[in-house]
Amino acid sequence: DRVDRQVVTEQRIPSLLVVGGLIFIQFSLMCVWSVIETIASILAGDLFGWHIHECNVLFIWGGVASLLAYVSFVFASKRMEDRFLIAYAIVACIFGLLMMIAWSSSLPLPSYLSRFVAGYLIVNMGFMTGRPVTFSLYSKLTPEKSQGAYLGYMVAGGSFARATGPFVAVFVYYHIGKGRNTLVLFGSIATIMMTCLAVMLTLWSSLIPASDKEKSSGGKVSSHHSEGLSMHVDRANDNVTK
């Protein structure tokens with residue numbers, strides 16, 4: 001039993017790459033959200049002539065999309081591993097950000113207004129799925145005795161993104177000419193999210209909590225414990241006989 005507990009404890013101690021990778025993913029997701037939250041109403045007012053009422057309607061639908069995403073991942077988490085849900089969230093944010101760029105193309109693309117609204121909703125759904133699941137996976141991969149410190153690092157990374165994101169968004173939007181500002185702003189964040197996806201694929205085999213490994217090898221573990229128990233019983237019987 002002591003050996004089994006030691007093995008489980010060793011599995012629950014993540015490497016620095018795993019910890020840093022998940023903090024980077026959380027930082028990037030918060031960057032996406034802080035930028036979108038800051039610039040959406042400004043951009044809609046400049047490009048579409050929207051006022052407070054139209055922006056509030058957009059934010060309401062964003063909340064509805066977030067709620068649907070939250071309910072969906074609660075049910076999906078019972079059947080899917082956390083790493084798959086995080087990968088989905090990253091891909092959703094990438095597609096949503098690319099849709100929000102004011103592309104100039106000769107191809108018959110949908111209107112920029114419809115692409116902007118759809119991209120905004122998709123980003124909301126990706127963020128609402130990715131942020132809590134990243135926290136969940138991070139807590140499963142970190143030691144229980146040190147989770148306060150580890151979660152502090154995670155929160156600090158997200159808080160840094162939340163504090164700097166609005167300043168970066170406003171600076172890029174107003175200091176780069178119209179027609180390129182959405183490309184630079186949303187394109188750069190989409191590139192960061194692509195980097196997150198690459199980090200996830202690199203760490204893919206390390207993003208499995210010990211509890212999931214135990215479930216997959218439940219038969220072996222139980223047989224091992226039963227063998228150990230029978231061994232203890234046999235020894236006790238021998239002692240009684242002697």
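A helix axis here is a line fitted to C-alpha atoms over the stretch in contact, and the angle between two axes runs from 0 to 180 degrees between their N-to-C directions. Keep that in mind for the helix pair we'll get to below.

What you're looking at is a predicted model. Of its 242 residues, 36% count as buried. As for who touches whom, take the contacts with a separation of 6 or more: 81% of them link residues 24 or more positions apart.

Helix α2 covers residues 16-48 and helix α7 covers residues 181-202, and their axes come within 10 Å, crossing at roughly 160°. Angles over 145 degrees count as roughly antiparallel, which means α2 is roughly antiparallel to α7. The crossing of the two is left-handed.

Which residues of α2 and α7 make the contact? On the α2 side, look for G21, F24, I25, S28, L29, V32, V35, I36, I39 and L43. Facing them from α7 are T182, L185, F186, I189, I192, M193, T195, C196, V199 and M200. Sort the residues in this contact by class and you get 16 nonpolar, 4 polar and no charged ones.

Methods. Residues numbered from 1 in each chain as written. Predicted model: local features only at pLDDT ≥ 70, side-chain atom pairs only at ≥ 80, totals over all residues. Heavy atoms only, no water. Buried < 20%, exposed > 50% of the residue type's maximum accessible area, 1.4 Å probe, protein only. Contact = heavy atoms within 4.5 Å. Helix = DSSP H or I, 4+ residues; strand = E, 2+ residues; numbered from the N terminus. Parallel < 35°, antiparallel > 145°, perpendicular 65-115°, else oblique. Left-handed = near helix turned anticlockwise from the far one by under 90°. Nonpolar A, V, L, I, M, F, W, Y, C, P; charged D, E, K, R; others polar.
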